[in-house]
Amino acid sequence: MKIIESDFSNHIIKSKQKELGNIFFFNHIAVIEFNEGVHIDINNSSEIFDELKTYFGDSRPFGVVANRVNSYSVKLLDVDLFREKVKNLCSYAVVGYNKASKMNAEIENSFCISDNINYDSIYEAIDNVYSKVKKDILFSLN
């Protein structure tokens, strides 16, 4: 389910269409829907990271949900480099809708330091990511 087809669509604050896909911004979360067939690596993803930094800044905790409504690939060896670009990213989730996208999410999960990132629904993913971001916001206020 695309984010604009969900109950969350009324809460989208801003959206950006980029070469790699679409980014939908909420208060503390960005949902990214990459285009069919793209390959994401550190060399071609700077426009995505630039948008995240512009919206969330360098210190405000936030989360990202990769909504895999399309099939795409990620260079897993670049995961640490991705993490360096957005140090205030505190939660990440991947929503898979078919066997292939769920398998890719499982592989991505094995490269991530955080808890399970693989979810079956956009609602579950956003709920879990938002809960983690909220904890980081409260922690940073103390």
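Start by selecting Phe-8, His-11, Ile-13, Phe-26, Asn-27, His-28, Ile-29, Ile-126 and Tyr-130, which line the second largest pocket. On a 1 Å grid over the protein atoms alone, a pocket is an open set of points with protein on both sides within 12 Å along at least five of seven lines, and lining residues have an atom within 4 Å of a point. The pocket's volume is about 190 Å³, meaning the space filled by probe spheres set on the points. Colour the lining by type and you will find six nonpolar, three polar and no charged residues.

A word on what you have open: this is a predicted model, where local features need pLDDT of at least 70, side-chain atom pairs count only at pLDDT 80 or more, and totals for chains, interfaces and linings use all residues. Residues are numbered from 1 along each chain as its sequence is written, and side-chain values use heavy atoms, with hydrogens and water left out.

Next, select Phe-25, Tyr-55, Phe-56 and Phe-62, which make up one aromatic cluster. Zoom in on Tyr-55 and Phe-56: their ring centres are 4.8 Å apart and their planes stand at 85°, so this pair is edge-to-face (centres within 6.5 Å, planes over 60 degrees apart). Tyr-55 is buried at 17% relative accessible area, and Phe-56 is buried too, at 3% (buried means under 20%, with a 1.4 Å probe and protein chains only).

Finish at Arg-68, which lies over the face of Tyr-72, 3.9 Å from the ring centre.

Technical notes: Rings of Phe, Tyr and Trp (its six-membered ring) pair if their centres lie within 6.5 Å; planes under 30 degrees apart count as stacked, over 60 as edge-to-face and the rest as tilted. Buried means under 20% relative accessible area, exposed over 50%, partly exposed in between (1.4 Å probe, protein chains only). A charge sits over a ring if NZ of Lys or CZ of Arg is within 6 Å of the ring centre and within 35 degrees of the ring normal. On a 1 Å grid over the protein atoms alone, a cavity is a set of points where a 1.4 Å probe fits but cannot get out, and a pocket is an open set with protein on both sides within 12 Å along at least five of seven lines; lining residues have an atom within 4 Å of a point. Ala, Val, Leu, Ile, Met, Phe, Trp, Tyr, Cys and Pro count as nonpolar, Asp, Glu, Lys and Arg as charged, and the others, Gly among them, as polar.
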